[in-house]
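Q: Could you take me through one part of this structure slowly? I'd like a close look at the place where two chains touch.

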Number of protein chains: 2
Amino acid sequence: MLAENDSDSRATGASLHTLPRFVDARGSLCVGEFASAIPFPSRRYFLVHGVPADTTRGGHAHRRCHQFLIAVSGSCRVGAEDIHGRTSFLLDAPHLGLHLPPMTWATQYEFSAGAVLLVFASETYDPEDYMDDYVGFLSVLRGVGIGR
Amino acid sequence: MLAENDSDSRATGASLHTLPRFVDARGSLCVGEFASAIPFPSRRYFLVHGVPADTTRGGHAHRRCHQFLIAVSGSCRVGAEDIHGRTSFLLDAPHLGLHLPPMTWATQYEFSAGAVLLVFASETYDPEDYMDDYVGFLSVLRGVGIGR
């Protein structure tokens, strides 16, 4: 069974971060300073939106790229698998950020209607950084795991 | 009368940028690399959401801070005034970014229901950087303008 949003489970190296938020009569503000709030220097951001119901995105790992995911509108779930195990996370608020280290197989699914996912990435786009063969990913993980 | 989203008007130093977007059956992706797409190094981001109808936010200028505004969900309008004049912009898509240079008096208004505004800022938070007295702002602008 997958643990959900359970940071104590240490099921994977993925980690959920709570960012400062300020609420007043004019609305809500969530703030992050790149040097202190995001666990890596961000070279790129991207926004995922207009995802049809029942669509799964992701389904790959990155060799070197760190990612930090925020559901800035609506919600989605993120599945993460690495050398330590598997976990899933519910992202449903703009002050929650999920850090996915390199060598994490990740999927995003159960996007709510109108959901928008903001992702900060540590690397510029490089197709060579993507691992999209799951069996190959597991083989590399096991190789990495030898001797640990 | 205010020009809206008219980049040829040069009414102010504020400028609208169109970022790359990729649409397929799994949804839409908008991408920006910080070094090339954002006109300044970003030290901070913030997200504005849950803004009640008929609320105006902003109403200040920054002495040194650049900002880059994206309506990542829904829409809002941004009014901008600087040494050159006044303009207003409609932000209604995640691939549109508005650069507000320092010494621009800006307001955000007409937030649609569920609108979320993402802002990248060139500086960490510094209350001394804010100018929230409009008359004082105009005085400084006129002082800046002398001799130009």
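How many residue pairs are in polar contact across the interface of chain A and chain B?

A: Some ground rules to begin with. This is a predicted model, where local features need pLDDT of at least 70 and side-chain atom pairs count only at pLDDT 80 or more, while totals for chains, interfaces and linings use all residues. Residues are numbered from 1 along each chain as its sequence is written, chains are lettered from A and ligands numbered from 1 in the order in which they are written, and side-chain values use heavy atoms, with hydrogens and water left out.

Now your question: the rule finds 13 residue pairs in polar contact across the interface of chain A and chain B, both residues at pLDDT 80 or more. (A polar contact is a pair of N or O atoms within 3.5 Å; within protein, one must be able to donate a hydrogen and the other to accept it, and residues adjacent in sequence count only if both atoms are side-chain atoms.) Several elements put two or more residues on chain A's side, among them β4 (27-33), β5 (44-49) and β12 (116-121). (Strands are DSSP runs of E, at least two residues, and helices are runs of H or I, at least four, numbered from the N terminus.) β4(A) gives the most, with seven residues.

What does β4(A) do there? Six bridges join β4(A) to strand β5 (residues 44-49) of chain B, and the two run antiparallel. (Strands pair if DSSP finds at least two bridges between them.) Within this pairing, A:V31 stands opposite B:F46.

Salt bridges are another story: between chain A and chain B the count is zero. (That would take a side-chain nitrogen of Lys or Arg within 4 Å of a carboxyl oxygen of Asp or Glu.)

Stepping back, 39 residues of chain A are in contact with 38 residues of chain B, where contact means heavy atoms within 4.5 Å. The area buried between them is about 3000 Å², and carbon and sulfur atoms give 58% of it. (Buried area is the accessible area, with a 1.4 Å probe, that two parts lose on being put together, summed over both.) A:R26, A:Y45 and A:L47 supply 24% of what chain A buries against chain B, more than any other three residues.

(Copies are superposed by least squares on C-alpha atoms of residues with pLDDT of at least 70 in both.) The same surface serves both copies, as 97% of chain A's contact residues recur in chain B.
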